[in-house]
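Good morning, everyone, and thank you for coming. Please have a look at the model on the screen, and then we will go through a few residues together.

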Amino acid sequence: MTRKQRRMTIIGGSLAVLALAAALVLNALRDSIVFFSTPSMVAEKHVEPGKRFRLGGLVQPGSLQRGDNLAVTFEVADGNAKLPVAYKGILPDLFREGQGVVAEGALDAQGVFKADTVLAKHDETYMPKEVADALKKQGHWKDDYGGKPSNGDKTSDAGKPAATTAQGNPQGAMR
Amino acid sequence: MIAESGHYALVLALGLALIQSIVPLIGARLNDVALMNVARSAALAQLLFVGASFVALVTLHVNSDFSVANVYENSHSMKPLLYKITGVWGNHEGSMLLWVSILALFGGLVAAFGNNLPLSLRAHVLAVQAWVASAFYLFILVTSNPFLRIANPPIEGRDLNPVLQDIGLAVHPPMLYLGYVGFSISFSFAIAALMEGRIDAAWARWVRPWTLVAWIFLTLGIAMGSYWAYYELGWGGWWFWDPVENASLMPWLSGTALLHSALVMEKRNALKVWTILLSILTFSLSLLGTFLVRSGVITSVHAFATDPTRGVFILLILCLFIGGSLSLFAGRATSLKQGGLFAPISREGALVLNNLLLTVACAVVLFGTLYPLAMEMLADFKMSVGAPFYNLTFAPLFTLLLLAVPFGPMLAWKRGDLLGVTQRLLAAGVAGLVAVAIAWGWASGGSTLAPLAIGLGVFVIAGAVTDIVERTGLVRLPFPTALHRARGLPRSAWGAALAHAGLGVALIGIVCETTWNSEHIATMKQNDVAHIAGFDVKLDGVLQRQGPNYREMIAEFNVSLDGKPLSVMTPSKRSFTTRGSSTTEAALLTRGASQLYISLGDANAEGAIAVRIYYKPMVLMIWWGPVLMAFGGVLSLSDRRLRVGAPKPARAKQRLQPAE
């Protein structure tokens, strides 16, 4: 093999790996990305049942109902609209009525959001940042939600994930 | 007084760093030995002062001096001593101080043990090291001073975030920072080589041990963080593809690539330009990680915009160092002479493939981490990139890499014989296939890919064993000869084999845990029994206890297997009054490499308690793997120490120089 051929082999190999990676990323971007929505965004746009997304908002006070076998239902509201959420499992330590929550899952045929993951951020203000931003944008932000400007880095200091997560029962998961 | 002294020591350290940034370079230009030697004393003095500053902050925390804002916000007089100390770096200001302290430590180590380096190279390296240090001292002093006083000192502090009140905080961040910041040394060496326009195999021999040290700490730091999240967060997850974790994974991936390319450069004098580039990229990714975690940009790009000083400052540092070093690279790289030809199928070729796959995998993680931020900034919609994305992108690339791992060390330098190596790896391949068959037979449910992945893990381990067997001639030669040859084998060969086997071990653990993990979530009353994976778990009772700065609800479980009592497990839930939050303390029962995991939810009015029980098969292998890798690294390092540095005569020559 000449020097030139060797070089071409290596360059060709590199390009092949890069092309493979690009193909993998583009393929993954099609269906493995999860978007964030609030109840009013869900109300405005038609979201297909079974399409996974993250729902953020405030837990409607008085809406939390516990059923048998750790089944819970509650409503997530953002001032304009609300959406019923069903979940099976243990709610995270920081889950409270009237405070911010992010749930991941999909709508079922009846329009109930079946969550398989419920997140509550570890922040003194109990207000997930996505939720706070969305509420601010819609003009529903009240200063008493926040208290003081939060230090986003408070909990991520140690490189630990900044959220507690409750993983639902796998039976409740929708793929 | 202590706070003021600490602050003052930090300012002095900045002054020393500025001297160290400039004077040695002038010395190198004028070829003045005295000026170049300033670097050494300045680096040591800088370490002394920043060390004093760090000790001052620790003292303030231990004494619970709430007149200092940092102590007030992150400490509490009732907090146990260990957490008073570890709480120093459990917050932004303190962790940045730890960052620069470790940077100064590495600079000091180069200064103290770099006697065999050429004088001008050492001057350049320490000067570059001081540039980085100066930037971060300025950052701390201007935007995040940990020694700020409060005008009216409160009586009690606000306590440390309860999740961080754990032994994990004592180990994980210092380890991680030793890794992150340790890559600054290879960065400084790379910049120094570009500035001097001279680079050779000796350069790689100096850089490799430092890179290896950083890599060992980073490996352990990441593994430790993962185990911490696993037992502390209460649902048994050990990796989340969270941006903060990605920030530590990216330097690890490119650092691993650097480790391998430096090997080619050291042994074969090839891949010089690429090694320099990787050194720059690895430390740039460490800086990027610092930026991502420290600026608040992760929680939201808007948070970044509302409190911009810190974020903008680190972004400036980032642009300055990454942009500056890459421009220097672009300008100077072509002047470096290339050497060491090799055929595509050869040890070098295999290492190039390793580098290619690692850097591309790293790029994929970088993309996944930054894409949501870019989308939020540009298109103003939010989304998250999670495990599904990485399963579809990172996993296939890593699978290719693992398939290639056993071949690499067995190929010859310059020109390898792929067919011959394949034949020699036949036994390892068969072992892998047998593992696939066994896993297939045993497995009930789960992905069909899982047995294949386990086979891959076994193939990687068996490949590492084959490599050692081949080198020692264990099968071909009589046993005493083989033993003799094993003793004569360089420790780096053992190190490489162990590290590669560690990859296989971790892979098997990951696959088993994710595929056959069983979980049982229920509300349990006293004397209720839960059945999971053959275990009977009976709730004996719940009791309350008062801890130093929390109240604790402890549940007692009797665990039995096939009717035989096995152990008592006591998970608990702690409520911290000062922050009004609670943590879950999971109970773990280890059986071989598998674990039974119990964590508590809330108790309801009738006294029933929500309980999560997991059986996680082979879960400990996930962390044994990295520990094995790190151990391999230590072995390899102990080998290098004997031969490290310049040839002996150079050192003798330096000693003969008259004292200045």
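This is a predicted model: local features need pLDDT of at least 70, side-chain atom pairs count only at pLDDT 80 or more; totals for chains, interfaces and linings use all residues.

Is M618(B) buried or exposed? M618(B) counts as buried, because it has 22 C-beta neighbours inside 10 Å; the cut-offs are 20 or more other C-beta atoms within 10 Å of its own for buried, 12 or fewer for exposed, and partly exposed in between, with C-beta atoms placed from the backbone.

Residues are numbered from 1 along each chain as its sequence is written, and chains are lettered from A and ligands numbered from 1 in the order in which they are written.

M618(B) sits in the loop between β11 (609–616) and α20 (621–643) of chain B, where helices (H or I, at least four residues) and strands (E, at least two) are DSSP runs, numbered from the N terminus. Its phi is near 60°, a positive value in a residue other than glycine.

N527(B) also has a positive phi, near 70°, and is likewise not glycine. This residue lies in the loop between β2 (518–524) and β3 (529–532) of chain B, and N527(B) counts as exposed because it has 10 C-beta neighbours inside 10 Å.

Finally, L489(B) belongs to the loop between α18 (479–488) and α19 (491–516) of chain B, and it is partly exposed, with 15 other C-beta atoms within 10 Å. Although L489(B) and V511(B) are 22 residues apart in sequence, their C-alpha atoms are 33 Å apart in space.
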